[in-house]
Amino acid sequence: GMAEWGGPKSAAHVLRSELYCAARREAGWIVSLLDALARYPSSQQTNFAPLDTVLVGRALDGARSPFRAVLLGTPEPLDPVEVGAVDGLYRETVLLHRVIGVYEQELEFAERHNTKELWSRLTETGEALLIDDQRPPVV
């Protein structure tokens, strides 16, 4: 989903975020999650940045998912954070974020250390980082 908030009207350079996730199968909750995340910047009057984390506070699927938060990763796990920026084709810069499910303890780790360290640990696992799949915690 495309984030609704592009920044304040007075901003000299407008940023937008395009959000997507990789999943094993189609599911309505994934569309709902992306929709809620796309609305988040507008409701909070902020922009997303690469490697931001967002606490969801419950199972991502509303029932059985072990993930309670998301991390906005790069399009492919080994891409640098800048690769998600599409600049010059549109009137605004569009940041492409892959939504990755994270465990509560991983979110706490990111808050204590930094999200770059969490991202590094996630990418080192070689896991597919699917939003609807389980994986061992990296912390």
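A residue is called buried if its relative accessible area is under 20%, exposed if over 50%, and partly exposed in between (1.4 Å probe, protein chains only). The structure is a predicted model, in which local features need pLDDT of at least 70, side-chain atom pairs count only at pLDDT 80 or more, and totals for chains, interfaces and linings use all residues. Residues are numbered from 1 along each chain as its sequence is written, and side-chain values use heavy atoms, with hydrogens and water left out.

**Exercise 1.** Determine how strand E3 is placed in the structure.

Solution. Start with burial: five of the five residues of E3 (residues 69–73) are buried, so the strand is largely enclosed by the rest of the structure. Next, take the directions: Ala69, Leu71 and Gly73 point one way, while Val70 and Leu72 point the other way, and all are buried.

Then look for partners; two strands pair if DSSP finds at least two bridges between them. Strand E2 (residues 53–55) pairs with E3 in the antiparallel sense over three bridges, with valine 54 opposite valine 70. Strand E5 (residues 93–102) also pairs with E3 in the antiparallel sense, over five bridges. In that pairing, glycine 101 of E5 stands opposite valine 70.

**Exercise 2.** Describe the packing of helices H2 and H3.

Solution. H2 (residues 104–112) and H3 (residues 115–124) pack at about 135°, with axes 7 Å apart. Axes are lines fitted to C-alpha atoms, for helices over the stretch in contact, and angles run from 0 to 180 degrees between N-to-C directions. Angles under 35 degrees count as roughly parallel, over 145 as roughly antiparallel, 65 to 115 as roughly perpendicular and the rest as oblique. H2 is therefore oblique to H3.

Now list the residues in contact (heavy atoms within 4.5 Å). Glu106, Phe109 and Ala110 of H2 meet Thr115, Glu117, Leu118, Arg121 and Leu122 of H3.

**Exercise 3.** Locate leucine 51 and leucine 129, and say whether each is buried or exposed.

Solution. Leucine 51 lies in the loop between helix H1 (28–44) and E2. Its phi is near 70°, a positive value in a residue other than glycine. With a relative accessible area of 7%, leucine 51 is buried. Leucine 129 lies in the segment after H3, and its phi, near 55°, is also positive. At 4% relative accessibility, leucine 129 counts as buried.

Terms used. Helix = DSSP H or I, 4+ residues; strand = E, 2+ residues; numbered from the N terminus.
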